[in-house]
Amino acid sequence: YFIQSNLRKRMKSKQQFLLHIEENQPSWMSLTLDSYWMVTLSTFIGPLCLIFRESIRKCLPTFISNLYGSFIIDCFSILAPIILSFTMLSNYNTSLFITLLMASLILLHYFGKHKGSSLEDYFPLTEHGLPFLNTYRALVNLCTIVVILAVDFPQVFPQKFHKRYTSGFSLMDTGVGSFIFSHALVAPEARNIQTNISILKRIKECLVSCSMLIALGCGRLFVTWMTNYSVSEEEYGKHWNFFFTLACVKLFMTILFSVAPKCISKFPSILALIIGLSYQALLTIGQFKDWIIVGDNKDCLYTGNFIHANRPGFFSTFGYCSLYLFGIQVGMLIFKDRKTWLDQMKLSVNLCTIVIVSGSLTYFMNMYIDKSSRMISNLTFIFWQVMHNTALLLGSHFVDMICASFSNEDAPLIPGQCKACSKRKSIPSCSCLLSAINRNQLFFFLIGNVLTGLVNLSIKTGSVSQYVAFIIIFSYGFVVSGITEIFFTYNINTKFW
C-alpha cells in the first residue's frame, strides 16, 4: 500500500498509475492453477475448521456443553485459524490446511464413534435451509469481517490478497461476488416459493426491503464524509458502495422475474448468459471498459454527473445481476428434494461439474477474451465467482458428511443450523457461532464495519507490530462474534423490515 502510494505521487496522472499497476502486476495475479489454489485454499480453511471443532468437541464434551465454553471453542477452532490463514500464516496455508486436517482426523479416530448406519437422515430440507448451505453463508460473512479489518494492517495482511485496481485475481476480489451469490442461493426463486400476489405488490414489497439497504448505503456515505474516512474511489466510484449494489441487484431481479414468462424463469442460467454476454459485448466491442476506467476526460477521475462519478459501481451492477441469476440456478439444484445417500452423492457430482465448467470458462475468457475485473464485473469475473463459491459449497457439503459420519449422538452435528442448542438445554449439536451469524447476517456485517472504522480512527494500524496486529484483529473478531452470540442466545432478530 505504501509503495503504491509513493509510486502514484511520482506518476504524471492517475491513468498512468493504473496502467503501470496492471502492466507490472505480479505473476500470481494472472489466472494459473497456483493463483486459484492460493485464493481458494485460504478460504477452504473455513470449512475445514468445522471438522476441527467437531474433533475438539469429542475431546472436551463437558467443557463445550457450557455456553461460554462452546463460544470459546468456536473462537479458537474457527475464528483463530481463519485469521491466521489470512495474515501471519498466509504463506503457509498448505501446511496449515494439512495440519488441521490431520489433527482433526486423528482426534476423531480416537475420540469419535463412527456411525455405520446410513447418513441420509443428516441432510434434511427444513424451513431453515440446508445445513451445508448455512455453513457456507456464515463462513462468507465471517471471512468478510475478518478481511475488512486485516487489510488495514500491512504488517500481517499480504499484498497478494489486496483488491486489484483494474484486473486480476485476489482474495478481496471475492467479497462482493460471494455476498451476491450467497443471497441468490436462498432467493424465493431458488427455493421455488410460489406466490399469488400481483406484480405491483411484489415490487412494492421489494422496494420496502431495498429501502433499508439504501438507507444503510446513505448512512455509510454520510459517516465516511463526516469523519473524512479514506475510501477508494476505484472500487465503486465517488458516492456508490456495496449496499447500493445489493439493493439495485435485488430490485432488478424482482422486476425481471415478475415480468418474465414462467418457462424462462425456470432456467435463470439462460437469462444470466444473455445479460452477461450482452454486457461483455458492450465492454469489449463497444470499448465501454476503457470509458469506465478512465472516464470522459481520460484522467481516471470520478467527477461530473452522478453516473460518471460512480461509473464502476453503477455499471458493474449488470454483471452482478448475471452472477445473481447463476446463483439462483445453483440454488435450484441444491433445494431439490434429496432423501437418500445416493442423492447427496449426485449433488456433490453436480456441484463438482459446475466448478469444472465455470473454471474452464474462466480460464478461456481470461486468456483469450478479457481479463477478470472486479471493478467492472465482466463475464470472466462472473464465471470465476461461480467457480469459487460453488467450490466452497462443495467443500461445506463434504464437511457436513464427515461431521455427520462421526456423530455418536441422537442429534448429529449440523454446522450452521442451531435449532436444538438455541434453547441451551443440551450439548450443542452444531457450531453456535455460525448459527448466530446466520440468524443476524446483516447485523453481524454492520457491527464489523462499525468496529473496523473505530479501530482505524483510534489506532495507527500501519505502525504496530505483527503480534499486536494479530491480537487486535482477533479481539475485534471476538467482540463482533460475542455481540452476535448474545443476540442469538436471547433470540433477538434484528431484521424487522
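Predicted model: local features only at pLDDT ≥ 70, side-chain atom pairs only at ≥ 80, totals over all residues.

Trainee: What numbers of helices and strands does the protein chain have?

Mentor: The protein chain has 21 helices and 0 strands. Of its 497 residues, 54% are buried. As for contacts with a separation of 6 or more, 79% of them join residues 24 or more positions apart.

Trainee: How should I describe two packed helices?

Mentor: Two packed helices are described by the angle between their axes and by the distance between those axes. Take helix α9 (residues 199-226) and helix α11 (residues 242-259): they pack at an angle of about 170 degrees, and their axes are 8 Å apart. Because an angle over 145 degrees counts as roughly antiparallel, α9 is roughly antiparallel to α11.

Trainee: Which classes of residue make up the contact of α9 with α11?

Mentor: By class, that contact has 16 nonpolar, 4 polar and 3 charged residues. A residue of α9 worth a look is isoleucine 214. With 41% relative accessibility, isoleucine 214 counts as partly exposed. Leaving out residues up to four places away in sequence, isoleucine 214 touches Phe244 and Ala247. Isoleucine 214 and threonine 245 are 31 residues apart in sequence, and their C-alpha atoms are 9.2 Å apart in space.

Trainee: At what angle do helix α8 and helix α16 pack?

Mentor: Helix α8 (residues 175-185) and helix α16 (residues 311-334) pack at about 45 degrees, with 7 Å between their axes. The two helices are therefore oblique to each other. Their crossing is right-handed. On the α8 side the contact includes Val176, Gly177, Ile180 and Phe181, and on the α16 side it includes Tyr320, Leu323, Tyr324 and Phe326. By class, the contact of α8 with α16 has 12 nonpolar, 4 polar and no charged residues.

Trainee: How do α5 and helix α7 cross?

Mentor: The axes of α5 and helix α7 (residues 131-150) come within 10 Å and cross at roughly 55 degrees. These helices are therefore oblique to each other, and their crossing is right-handed. The contact is made by Ile78, Leu79, Ile82, Ile83 and Phe86 of α5, together with Leu139, Leu142, Cys143, Val146 and Val147 of α7. By class, there are 10 nonpolar residues in this contact, with no polar and no charged ones.

Trainee: Does phenylalanine 76 count as buried or exposed?

Mentor: The cut-off for exposed is over 50% relative accessible area. Phenylalanine 76, at 51% relative accessibility, therefore counts as exposed. This residue lies in helix α5 (residues 67-86). Beyond residues up to four places away in sequence, phenylalanine 76 touches Pro81 and Phe474. Phenylalanine 76 and phenylalanine 474 are 398 residues apart in sequence, and the distance between their C-alpha atoms is 9.6 Å.

Trainee: Which backbone oxygen does the side chain of serine 481 reach?

Mentor: The side chain of serine 481 reaches the backbone oxygen of glycine 477 at 2.8 Å. Serine 481 is placed in helix α21 (residues 466-489). Its relative accessibility is 0%, so serine 481 counts as buried. Apart from neighbours within four places in sequence, serine 481 is in contact with Phe71, Leu79, Leu142, Leu433 and Phe444. Of these, Leu79 and Leu142 also belong to the contact between α5 and α7.

Trainee: Where is asparagine 389 placed, and what does it contact?

Mentor: Asparagine 389 is in helix α18 (residues 379-405). At 0% relative accessibility, asparagine 389 counts as buried. The side chain of asparagine 389 reaches the backbone oxygen of glutamine 385 at 2.7 Å. Gly177 and Phe181 are among the α8 residues in the contact with α16.

Notes. Residues numbered from 1 in each chain as written. Heavy atoms only, no water. Axes fitted to C-alpha atoms, helices over the stretch in contact; angles between N-to-C directions. Helix = DSSP H or I, 4+ residues; strand = E, 2+ residues; numbered from the N terminus. Parallel < 35°, antiparallel > 145°, perpendicular 65-115°, else oblique. Nonpolar A, V, L, I, M, F, W, Y, C, P; charged D, E, K, R; others polar. Left-handed = near helix turned anticlockwise from the far one by under 90°. Contact = heavy atoms within 4.5 Å. Buried < 20%, exposed > 50% of the residue type's maximum accessible area, 1.4 Å probe, protein only. Polar contact = N/O pair within 3.5 Å; in protein donor to acceptor, adjacent residues only side chain to side chain.
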